[in-house]
Amino acid sequence: MIQAIAKKALILAFFLLLIPITDSASVLNIDIVKGGSGAVPIAVVPFGWQVKGASPGEDVASVISNDLLRSGRFKPIARKSMLENPTEASEVKFTNWRVLGVSNLVIGRIKPASAGNYSVEFQLFNVYTGKQLLGYSVLTAPGQLRHTAHLISNMIYKQLTGKRGAFDTHIAY
(Lines give C-alpha, C1' and ligand atoms only; values in the text may rest on other atoms or scores of the structure.)
Protein backbone atom coordinates (compact mmCIF):
# COMPACT_ATOMS: atom_id res chain seq x y z
CA MET A 1 0.00 0.00 0.00
CA ILE A 2 2.86 2.37 0.79
CA GLN A 3 4.31 1.65 -2.63
CA ALA A 4 1.00 2.58 -4.30
CA ILE A 5 0.83 5.91 -2.41
CA ALA A 6 4.47 6.67 -3.23
CA LYS A 7 3.84 5.88 -6.90
CA LYS A 8 0.79 8.21 -6.99
CA ALA A 9 2.77 10.97 -5.23
CA LEU A 10 5.57 10.59 -7.77
CA ILE A 11 3.11 10.83 -10.70
CA LEU A 12 1.47 13.93 -9.13
CA ALA A 13 4.87 15.59 -8.63
CA PHE A 14 5.76 14.86 -12.27
CA PHE A 15 2.57 16.54 -13.53
CA LEU A 16 3.09 19.55 -11.25
CA LEU A 17 6.49 20.08 -12.82
CA LEU A 18 4.86 20.29 -16.23
CA ILE A 19 2.76 23.32 -15.22
CA PRO A 20 4.40 26.43 -16.71
CA ILE A 21 5.71 28.96 -14.26
CA THR A 22 4.98 32.56 -15.27
CA ASP A 23 7.21 35.50 -14.44
CA SER A 24 4.91 38.07 -12.88
CA ALA A 25 7.76 40.55 -12.31
CA SER A 26 8.90 40.87 -15.92
CA VAL A 27 7.88 44.55 -16.16
CA LEU A 28 9.11 47.09 -13.66
CA ASN A 29 7.21 50.36 -13.44
CA ILE A 30 8.12 53.01 -10.92
CA ASP A 31 5.61 55.81 -10.57
CA ILE A 32 6.27 58.72 -8.27
CA VAL A 33 2.83 60.15 -7.78
CA LYS A 34 3.63 62.73 -5.18
CA GLY A 35 6.79 64.73 -4.63
CA GLY A 36 8.29 65.25 -1.25
CA SER A 37 6.81 67.86 0.99
CA GLY A 38 9.88 70.00 0.36
CA ALA A 39 9.60 70.03 -3.45
CA VAL A 40 11.02 73.30 -4.76
CA PRO A 41 8.72 75.35 -7.03
CA ILE A 42 10.29 75.89 -10.45
CA ALA A 43 9.05 77.37 -13.72
CA VAL A 44 10.13 75.96 -17.08
CA VAL A 45 8.85 78.39 -19.69
CA PRO A 46 8.08 77.05 -23.20
CA PHE A 47 11.20 77.47 -25.31
CA GLY A 48 11.10 79.95 -28.17
CA TRP A 49 11.17 78.35 -31.61
CA GLN A 50 13.22 80.45 -34.02
CA VAL A 51 13.56 78.01 -36.92
CA LYS A 52 11.66 79.06 -40.04
CA GLY A 53 9.67 76.53 -42.03
CA ALA A 54 9.97 73.69 -39.54
CA SER A 55 8.26 72.48 -36.42
CA PRO A 56 10.15 71.35 -33.33
CA GLY A 57 8.64 67.87 -33.13
CA GLU A 58 9.42 67.84 -29.40
CA ASP A 59 8.42 70.19 -26.59
CA VAL A 60 11.81 70.62 -24.91
CA ALA A 61 10.45 72.62 -21.96
CA SER A 62 7.80 69.99 -21.27
CA VAL A 63 10.39 67.20 -21.22
CA ILE A 64 12.57 69.20 -18.79
CA SER A 65 9.58 70.00 -16.59
CA ASN A 66 8.48 66.35 -16.47
CA ASP A 67 12.02 65.18 -15.68
CA LEU A 68 12.29 67.58 -12.75
CA LEU A 69 8.81 66.64 -11.50
CA ARG A 70 9.61 62.91 -11.60
CA SER A 71 12.72 63.50 -9.49
CA GLY A 72 10.42 64.36 -6.57
CA ARG A 73 12.68 67.30 -5.69
CA PHE A 74 10.90 69.93 -7.81
CA LYS A 75 7.36 71.09 -8.38
CA PRO A 76 7.06 72.75 -11.80
CA ILE A 77 4.23 75.25 -12.10
CA ALA A 78 1.57 74.79 -14.75
CA ARG A 79 1.94 76.76 -17.98
CA LYS A 80 -1.51 78.28 -17.55
CA SER A 81 -0.27 79.86 -14.28
CA MET A 82 2.63 81.65 -15.98
CA LEU A 83 2.21 85.41 -16.24
CA GLU A 84 4.74 85.74 -19.05
CA ASN A 85 6.68 83.58 -21.50
CA PRO A 86 10.15 85.10 -21.81
CA THR A 87 12.75 83.49 -24.03
CA GLU A 88 15.55 86.00 -23.42
CA ALA A 89 17.00 87.22 -20.11
CA SER A 90 16.09 90.82 -20.92
CA GLU A 91 12.39 89.86 -21.07
CA VAL A 92 12.23 88.34 -17.56
CA LYS A 93 10.30 90.26 -14.90
CA PHE A 94 11.38 88.55 -11.70
CA THR A 95 8.59 90.14 -9.64
CA ASN A 96 6.03 88.18 -11.69
CA TRP A 97 7.73 84.92 -10.76
CA ARG A 98 8.12 85.89 -7.08
CA VAL A 99 4.35 86.49 -6.91
CA LEU A 100 3.84 82.89 -8.07
CA GLY A 101 6.17 81.62 -5.35
CA VAL A 102 8.66 80.22 -7.85
CA SER A 103 12.25 79.82 -6.64
CA ASN A 104 13.93 79.14 -9.98
CA LEU A 105 13.15 79.92 -13.60
CA VAL A 106 14.27 78.19 -16.80
CA ILE A 107 13.96 79.97 -20.14
CA GLY A 108 15.27 79.00 -23.54
CA ARG A 109 15.11 79.15 -27.28
CA ILE A 110 15.89 76.89 -30.22
CA LYS A 111 17.74 78.46 -33.14
CA PRO A 112 18.98 77.16 -36.46
CA ALA A 113 22.64 76.09 -36.56
CA SER A 114 24.96 74.85 -39.28
CA ALA A 115 24.35 71.70 -41.33
CA GLY A 116 20.63 71.56 -40.48
CA ASN A 117 21.25 71.25 -36.74
CA TYR A 118 19.74 73.29 -33.92
CA SER A 119 21.27 75.34 -31.15
CA VAL A 120 19.26 74.86 -27.95
CA GLU A 121 20.07 77.75 -25.60
CA PHE A 122 18.82 77.87 -22.03
CA GLN A 123 19.30 79.83 -18.84
CA LEU A 124 18.48 79.04 -15.22
CA PHE A 125 17.78 81.93 -12.86
CA ASN A 126 17.32 82.33 -9.13
CA VAL A 127 14.08 84.32 -9.00
CA TYR A 128 14.79 85.95 -5.63
CA THR A 129 18.30 87.24 -6.45
CA GLY A 130 17.65 87.76 -10.16
CA LYS A 131 21.00 86.14 -10.94
CA GLN A 132 21.70 83.60 -13.64
CA LEU A 133 22.83 80.30 -12.12
CA LEU A 134 23.46 78.43 -15.34
CA GLY A 135 23.42 79.04 -19.08
CA TYR A 136 24.44 76.89 -22.02
CA SER A 137 24.02 76.46 -25.74
CA VAL A 138 23.77 72.84 -26.85
CA LEU A 139 24.20 71.84 -30.50
CA THR A 140 21.82 69.05 -31.50
CA ALA A 141 20.34 67.30 -34.51
CA PRO A 142 16.60 67.70 -35.22
CA GLY A 143 15.82 64.12 -34.13
CA GLN A 144 17.75 64.52 -30.87
CA LEU A 145 15.71 67.26 -29.16
CA ARG A 146 14.29 64.89 -26.53
CA HIS A 147 17.75 63.59 -25.64
CA THR A 148 19.03 67.19 -25.46
CA ALA A 149 16.15 68.09 -23.12
CA HIS A 150 17.18 65.23 -20.80
CA LEU A 151 20.78 66.53 -20.82
CA ILE A 152 19.55 70.01 -19.91
CA SER A 153 17.47 68.51 -17.09
CA ASN A 154 20.63 66.85 -15.78
CA MET A 155 22.52 70.16 -15.81
CA ILE A 156 19.70 71.97 -14.00
CA TYR A 157 19.35 69.18 -11.43
CA LYS A 158 23.11 69.19 -10.75
CA GLN A 159 23.20 72.98 -10.38
CA LEU A 160 20.29 73.07 -7.93
CA THR A 161 20.99 69.91 -5.89
CA GLY A 162 24.72 69.35 -6.24
CA LYS A 163 24.00 65.78 -7.36
CA ARG A 164 24.30 64.25 -10.81
CA GLY A 165 21.01 63.91 -12.68
CA ALA A 166 20.03 60.63 -14.34
CA PHE A 167 17.41 61.75 -16.82
CA ASP A 168 19.23 60.54 -19.94
CA THR A 169 20.13 57.11 -18.57
CA HIS A 170 18.68 53.69 -19.33
CA ILE A 171 18.12 50.90 -16.84
CA ALA A 172 19.02 47.37 -17.87
CA TYR A 173 17.91 44.36 -15.88
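Analyst: The model is a predicted one, and its chain holds four helices and six strands, in the order α-β-β-α-β-α-β-β-β-α from the N terminus.

User: Why is the pair of Trp49 and Tyr118 called edge-to-face?

Analyst: The search of the whole structure finds five aromatic pairs. For Trp49 and Tyr118 the ring centres are 5.2 Å apart and the planes stand at 75°; since centres within 6.5 Å make a pair and planes over 60 degrees apart count as edge-to-face, the pair is edge-to-face.

User: What makes this pair a tie between parts of the chain?

Analyst: Trp49 belongs to strand S2 (residues 48-49) and Tyr118 to strand S5 (residues 118-126), so the pair ties together parts that are 69 residues apart in sequence.

User: What describes the pair of Phe74 and Tyr157, and why do both residues count as buried?

Analyst: Phe74 and Tyr157 pair edge-to-face, at 6.1 Å centre to centre with 75° between the planes, and they link strand S3 with helix H4 across 83 residues. Phe74 has 4% relative accessibility and Tyr157 a relative accessible area of 11%; both values fall under 20%, so both residues are buried. Ring pairs also join Phe167 to Phe74 and Tyr157 in a cluster.

Note on methods
Residues are numbered from 1 along each chain as its sequence is written. This is a predicted model: local features need pLDDT of at least 70, side-chain atom pairs count only at pLDDT 80 or more; totals for chains, interfaces and linings use all residues. Side-chain values use heavy atoms; hydrogens and water are left out. Helices (H or I, at least four residues) and strands (E, at least two) are DSSP runs, numbered from the N terminus. Rings of Phe, Tyr and Trp (its six-membered ring) pair if their centres lie within 6.5 Å; planes under 30 degrees apart count as stacked, over 60 as edge-to-face and the rest as tilted. Buried means under 20% relative accessible area, exposed over 50%, partly exposed in between (1.4 Å probe, protein chains only).
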